[in-house]
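Open the model in your viewer and keep the selection tool at hand. The stops below tell you what to select next and what is there.

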Amino acid sequence: MYGGKGARCRAVIGKDTRLSSYMLEYSLAAGLTASGADAYILHVTTTPSVSYITRCDGFDCGIMISASHNPYFDNGIKIMNSAGEKLEESAVLQIEDYIDGRLGEIPFASGGAIGRTVDYVSGRNRYIGHLISLSTCSYKGMRVGLDAANGSAWQIARSVFDALGAKTYVVGVSPNGTNVNDGVGSTHIERLVELVKNNSLDIGFAFDGDADRCICVDGRGEVVTGDEILYICADYLKKRGELSGNKIVCTVLSNGGLIKSLLSRGIDCAVCDVGDKNVCDEMTRTGAVLGGERSGHVVFSKYETTGDGLVTAIMIMEAVIEQKKNLLQLLKDYKSFPQASVNIAVKDKVVAAARLAKDREKISNELGVRLVVRPSGTEEVVRIMAEGENYENCLAACDKLKKIVGGLK
């Protein structure tokens, strides 16, 4: 297996803390080396760190073993190209063809052509140094809560914030293989809220299983979603003269209040479909340096080619410390619209989502709400979001679509 210019292919592998991630790591390393590639092992690390090391250390590809925010019994593989970006669709389809046996067997190497496995924990340490170098401020005197979701950031997050001078309080830092995202992390923000309130902290950050997402909690224990993060960071970058074109990218699930609030600050929003790859593609197309999703997946293209929860947390800290304002003050002029959402388990998410699309416009007009219906990218689930000026109408719209799905089973 050869990489660029005929040299031996080099792939770097990271994993999260799931029980199955260790098994898959060894399987991937065995398959790569048997095919003549060298496999460099980062061990437990974040998805963004794999992207960073792939790009900066000249690897042909990066592989992250993780199911992100899903429970431990799920797992998956994220493959990145040499630029640290998600693999092109054409390459993904070719891999699927090999898996399905349509392109024959991949030839094995033999003798001296067999690849080798290299312990590459130094790459992870270099990524930590990169994060620390991003901050221009000392965090001394700041009381910060961190929830690592018992996942990839369980050691990295505290190391970074301690090095920058913060007084850190942590939860979700006791992974056992089966507790990733279990009642902790960005999808269970109540644990961080409790930590912040009980210890009178200034701010808190929660990450997901592979730490490419970040959700905040302010000093009152109020949740700050990806939309509010985008607002704070866009306004901060604009004041610094670093927001190219005074525009950002958000998705169809972003609150309409984000777009309206940013417009009042002289900042435009380009809206794309859900998914970090769609956000990155739209950022490339429009030249935007900031983009993200309500879920907390935020991309700062100056520093990374993918979303990075730790970079997001650092940028929020920069905005807070440099402007000498807390999150509540930074969000003073931000106004959101009521939203309601529901996830519905189905037998076939694509079919169910297509069926609901037929009723979406009717219900939207009837109740005066904006509706987004989409199949989940990771589960056999249909996700519904309703937004409008009246929260009860949002709930009613979700309930109507939920009943329609119930009739499809």
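Select Thr 17 and Asn 150: a polar atom of the Thr 17 side chain lies 2.6 Å from the backbone oxygen of Asn 150. This is a polar contact (a pair of N or O atoms within 3.5 Å; within protein, one must be able to donate a hydrogen and the other to accept it, and residues adjacent in sequence count only if both atoms are side-chain atoms). The model is predicted: local features need pLDDT of at least 70 and side-chain atom pairs count only at pLDDT 80 or more, while totals for chains, interfaces and linings use all residues. Residues are numbered from 1 along each chain as its sequence is written, and side-chain values use heavy atoms, with hydrogens and water left out.

Stay on Thr 17, in the loop between β1 (10–15) and α1 (19–34). Helices (H or I, at least four residues) and strands (E, at least two) are DSSP runs, numbered from the N terminus. Is Thr 17 buried or exposed? Thr 17 counts as buried because its relative accessibility is 4%; the cut-offs are under 20% relative accessible area for buried, over 50% for exposed and partly exposed in between (1.4 Å probe, protein chains only). Leaving aside neighbours within four places in sequence, its contacts (heavy atoms within 4.5 Å) include Tyr 22, Val 44, Trp 154 and Pro 175.

Next, select Tyr 40, Phe 59 and Tyr 120, which ring pairs link into a cluster. Rings of Phe, Tyr and Trp (its six-membered ring) pair if their centres lie within 6.5 Å; planes under 30 degrees apart count as stacked, over 60 as edge-to-face and the rest as tilted. Tyr 40 and Tyr 120 are edge-to-face, at 5.2 Å centre to centre and 85 degrees between the planes. Tyr 40 lies in strand β2 (residues 38–44) and Tyr 120 in the loop between β5 (117–119) and α4 (121–134), so this pair ties together parts 80 residues apart in sequence. Phe 59 and Tyr 120 are also edge-to-face, with 5.5 Å between centres and 80 degrees between planes.

Last, select Phe 161, one of the residues that touch the most other members of the largest nonpolar core, which has 66 residues. Such a core is a set of buried Ala, Val, Leu, Ile, Met, Phe, Trp, Tyr and Cys residues joined through side-chain atoms within 4.5 Å. Helix α10 (residues 309–323) gives the most to this core, with 9 residues.
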